[in-house]
Amino acid sequence: MLPLLKLVPTYKLHPVFRVSTLHRWVYQCFSASTNSLQMTSHNFDSNKKETDFNFLFNSCINVNVTKQLHALLVVLGKSQNVVLSTKLINLYVTFGDISLSRSTFNHIHKKNIFSWNSMIAAYVRSSKYHEAMNCVNEFLSVSDDLRPDFYTFPPILKACVNLIDGKKLHCWVLKMGFEHDVFVASSLINLYSRFGVLNAAHKVFVDMPVRDVGSWNAMISGFCQNGNAAEALGVLNSMKVEGVKMDTVTVSSILPVCAQSDDIVNGVLIHLHVLKHGLETDVFVSNALINMYSKFCRLEDAQKVFDHMEVRDLVSWNSIIAAYEQNDDPNTALRFFKGMQLVGIRPDLLTVVSLTSIFGQLSDQRISRSIHGFVMRGEWLEKDVVIGNALVNMYAKLGDMNCAHTVFEQLPSKDTISWNTLITGYAQNGLASEAIDAYNMMEECRDITPNQGTWVSIIPAYSHVGALQQGMKIHGRLIKNSLYLDVFVATCLIDMYGKCGRLEDAMSLFYEIPRETSVPWNAILASLGIHGRGEEALQLFKDMLAERVKADHITFVSLLSACSHSGLVDEGQKCFDIMQKEYGIKPSLKHYGCMVDLLGRAGYLEKAYDLLNNMPLQADASIWGALLAACRIHGNAELGTLASSRLLEVDSENVGYYVLLSNIYANSGKWDGVVKVRSLARDRGLRKTPGWSSVVVGSKVEVFYTGNQTHPKYTEIYKELRVLSAKMKSLGYVPDYSFVLQDVEEDEKEQILISHSERLAIAFGIISTPPRSPIRIFKNLRVCGDCHNATKYISRITERDIVVRDSNRFHHFKDGICSCDDYW
DNA sequence: ACTGGTCGCG
């Protein structure tokens, strides 16, 4: 007869009121004199049955009280008693002292199956899986008369660390006929789920003649942890059909699935179930609720759950801290961290991971360094890679890639995420070629396999420098394993094709991939925008709505900038309105920037200025910059002066603005203004962001910095530029010195214009590629106005199509004409 | 007397 359902007494923990009983007792035994100790032992009837000791065992609340009880049992001559010793083994491991469990176990002369089971389980409970397996082997070799029973298997199955052993154990279970025991079968389900063999797990599950809520939970969590949300919810549903009610475990494994599959309806329904059945007093449940609401960005709900908790553990605090940290509120997160310290809960590794992210967001250099020190002192770097990865990420967020790289180098072990973090750090700090170098080094490591995270960090780096060939190589590699269908990877590829001027390739990829979320739509809308195809962007937006894809704030940034690049003022205005009225999206600085740009470019300078003045947010440099650029196009020196003075208040470091202002003055003949701006720039000792341009020749990306004279082809490049310059002048080109800020003689100014990075890159492209082939240039800043003009002439003289992508948009030069004229 | 299934990081 198979043991199917058993009533199992679970180990109840120690009612506190009994503590005093034991203390009084132990006090009588030990704190008094030797005589009274003996007297007490005499008084205590040593023939008492084992169950008479229960109240003492129930009174043990920590390892010290347990030791006292242990000593008492020794005095009473009970140290050989297998029942009492087994209880001690379990108590010691409950309080985290596995070595005391072991020595207690060793002292038992006649070990029985109960004591072996407890010892094996004790190792598993303290995550010493290797020792647990050793103990099993010891058990099999030492005792001839004892056989494992169905209590032995669940812990062993849990300790199993590879699938091959798992399958052997499964055979063993079958041979001994334990496969229908609820606990053993649930453990098998759990084992197969851990190794991702869900069909095997599911087979064990369906073959079970009797299932308790634990078996359902094992199956559900198996699907959950392998990311099969639909199947998990399916099992949950049949559980409901069979009339089994969700318990705290079910709820805490299903809630993360709701978050993962963006299923807020089910999430809230489950929360209602929790409230109806009073499950919210369980810490696991409340913690899972906090995490779920955090993923849905519903911080009020997360906090409500947190506030109502009666008992909060480390995970609760970590969860609420991470909730605010993940939703860009580092200050509140920090307040909760302080609250946690106040109630005396010690931070663990994950707390520190959140803290690094918080300080990265707060961009506080000093505290960031102190947390680095804290990690080093605790030698936490050795404990887990995640903490090191978090530090690399923190320094990257602070823009300090030197420190990030140093920490990275010091990591005792590096995983794929370490590399991804480093690559992303370089890429997001505009150091694309360093990102590419890091990626190439990563490819050389044999034990590191790139994953989705790698692609989404390296592809943008390639598109940043216009390395179309390399990007396409990755695309080809991803087609082999279908990862290009991953929405995030595909979106990067779309963005890359867009930014590299291959709009058609971007479009065809877009139509190949799943489009249920706004993410790929936003990318393709932005691509259309920088190519000046505003009408098509608006049409695609209509398609997006027809396919019931929800537009978000990024959609509107893409859309507004598309309108702005194509001069679609009314349409842009309309988008701005429906964004607020129909979607309830509060415009951010980016949206206002697009609108100022849109109105300003089209010549509605006053309207743009009004909007800027009346917006509820503090204008930043990019918005004043947009207004200033518009003033330059339309030659409005007054407003331009005003904009630039405000601009220099918020960002006096960016030399580009001085150039713009000087250019405005020069165009309106205000030469004293030009002089003033130049001396201002000189006095501030401006170090400008190094401008660079890149050009792809063959499969190699060549990068040129302004004034770069170290390139191996330097002589030929400058020779070509001088030849071109003479031809350009004969066609009517006049250098525009207002783009030169330095106070030098005219011929030197011409030399400076000639050494602009975009000019060097174009010249290098001309001398390195066959005649009349097209040239693609990338520039990290905006193209200089004089270079823009010069490139028109160059395209005519050399009969080449020249495509220049700068930080703002595409410029397509063909036969002396550019696709856009408002180049600033 | 001993057994299974639950929450948090980049």
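Predicted model: local features only at pLDDT ≥ 70, side-chain atom pairs only at ≥ 80, totals over all residues.
Residues are numbered from 1 along each chain as its sequence is written, chains are lettered from A and ligands numbered from 1 in the order in which they are written, and side-chain values use heavy atoms, with hydrogens and water left out.

**First stop: the strands**

Select residues 692–697, which form strand 1, together with strand 3; the two run antiparallel and are joined by three bridges. Strands here are DSSP runs of E with at least two residues, helices are runs of H or I with at least four residues, and both are numbered from the N terminus. Two strands count as paired if DSSP finds at least two bridges between them.

Next, select residues 775–779, which are strand 3; four of its five residues are buried, so the strand is largely enclosed by the rest of the structure. Buried means under 20% relative accessible area, exposed means over 50%, and partly exposed lies in between (1.4 Å probe, protein chains only).

Now include helix 44, residues 785–798: with strands 3 and 4 it makes a right-handed β-α-β unit. Right-handed means that, with the strands pointing away from the viewer, the path from the first strand over the helix to the second runs clockwise.

**Second stop: Ile358**

Select Ile358 in helix 21, residues 349–362. Is this residue buried or exposed? Ile358 is buried, with a relative accessible area of 0%. Leaving aside neighbours within four places in sequence, its contacts (heavy atoms within 4.5 Å) are Ile321, Glu325, Pro330, Ala333 and Leu334.

Move to Ser518, in helix 31, residues 518–530. Ser518 counts as buried, at 8% relative accessibility. Display its side chain with that of Asp552: the two make a polar contact at 2.8 Å. A polar contact is a pair of N or O atoms within 3.5 Å; within protein, one must be able to donate a hydrogen and the other to accept it, and residues adjacent in sequence count only if both atoms are side-chain atoms. Beyond neighbours within four places in sequence, Ser518 is also in contact with residues including Met544, Val549 and Thr555.
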